Amino acid sequence: MSGLESYINHTVSIITADGRNFIGTLKGFDQTINIIIDECHERVFSTTSGIEQIVLGLHIIRGDNIAVIGLIDDTIDSRLDLANIRGEPLGPVVH
Amino acid sequence: MLPLSLLKTAQSHPMLVELKNGETYNGHLVSCDSWMNINLRDVICTSKDGDRFWRMPECYIRGSTIKYLRIPDEVIDMVKEDAQAKSRNRAEMNKNRGGNSSQNQNQRAPRSGNRNNFGVRSGPSGGGLGNGGMRGGNAGQGNRPPAQGNKLRK
């Protein structure tokens with residue numbers, strides 16, 4: 001069984017090859033790691049202001065473009081003060 | 001739920017497709033296949049920097065160039081209905097298959113009948129359609145040897 005099976009219907013963070021970070025509920029995946037992510041939002045990091053959250057909705061992300069899928073602990077995540085977190089945005093994957 | 005079943009369910013719905021090169025395509029999904037190749041109708045293409053736009057009546061996008069697709073929220077609920085309908089059908093099929101009733105035998109009878117018909121058509125008569133063509137050729141040139149007739153047919 002793929003390790004992703006246990007992430008289904010849980011909140012995940014997806015880091016894509018272009019360095020973006022998507023947060024949402026994992027609804028499904030296939031053998032090429034194409035994924036369905038529901039209630040998706042993007043977190044945009046910046047060194048000058050807090051994390052900006054952009055609501056996106058239902059997404060299919062193609063497996064080619066996925067670098068990392070991480071399980072999010074909802075209780076810890078809800079304690080984050082996004083407006084006061086600064087950070088360098090990630091760069092794209094270098095081939 | 002598989003991403004490609006969701007995509008199939010999204011047919012006729014509007015969607016946004018971002019390609020790996022950063023271009024985005026907004027349009028209605030006409031069709032898709034198992035490689036995620038897609039057909040869109042009434043498309044607006046936006047350049048990577050978002051300051052140039054092109055309208056086109058339709059376009060075809062190779063699946064491997066896609067980064068992600070943004071789909072209307074309600075589509076995910078429609079997949080569930082599809083899956084439920086499918087599993088209901090499957091349950092009914094299993095019920096029929098499991099039963100040892102006369103109804104079951106009736107189901108099998110026509111299928112074997114079809115197989116016999118097929119055998120007759122392609123067997124003794126030497127292939128329905130091809131044979132007809134050869135007969136037509138021979139009618140015009142009666143002294144042509146059969147071997148040449150076969151070559152002509154190919």
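## Terms and basis of the model

Helices (H or I, at least four residues) and strands (E, at least two) are DSSP runs, numbered from the N terminus. Two strands are said to pair if DSSP finds at least two bridges between them.

The structure is a predicted model, in which local features need pLDDT of at least 70 and side-chain atom pairs count only at pLDDT 80 or more, while totals for chains, interfaces and linings use all residues. Residues are numbered from 1 along each chain as its sequence is written, and chains are lettered from A and ligands numbered from 1 in the order in which they are written.

## Overall build of chain A

Chain A contains five strands and one helix. Along the sequence these follow the pattern β-β-β-β-β-α.

Chain A has 95 residues, of which 22% count as buried; a residue is buried if 20 or more other C-beta atoms lie within 10 Å of its own, exposed if 12 or fewer, and partly exposed in between, with C-beta atoms placed from the backbone. Two residues are in contact if their C-beta atoms, placed from the backbone, lie within 7 Å. Among the contacts in chain A with a separation of 6 or more, 52% join residues 24 or more positions apart.

Strand 1 of chain A covers residues 11-16. Its covered face consists of Val12(A), Ile14(A) and Thr16(A), and its uncovered face of Thr11(A), Ser13(A) and Ile15(A).

Strand 1 of chain A runs antiparallel to strand 2 (residues 21-29) of chain A, and five bridges join them. Ser13(A) has Ile23(A) as its bridge partner in strand 2 of chain A. These two strands form a hairpin with four residues between them, and Gly19(A) in the turn has a positive phi of about 85°. Strand 1 of chain A also pairs with strand 5 (residues 66-71) of chain A, in the antiparallel sense and over five bridges. There, Leu71(A) is the bridge partner of Val12(A).

## Where the two chains meet

In chain B, 19 residues are in contact with 17 residues of chain A. On the chain B side, the elements that give two or more residues are helix 1 (3-9), strand 5 (66-71) and helix 2 (75-98). Strand 5 of chain B gives the most, with six residues. By class, this side has 14 nonpolar, one polar and four charged residues; Ala, Val, Leu, Ile, Met, Phe, Trp, Tyr, Cys and Pro count as nonpolar, Asp, Glu, Lys and Arg as charged, and the others, Gly among them, as polar.

Strand pairing also links the chains: strand 4 (residues 52-61) of chain A and strand 5 of chain B are antiparallel and share four bridges. Leu58(A) has Ile71(B) as its bridge partner in strand 5 of chain B.
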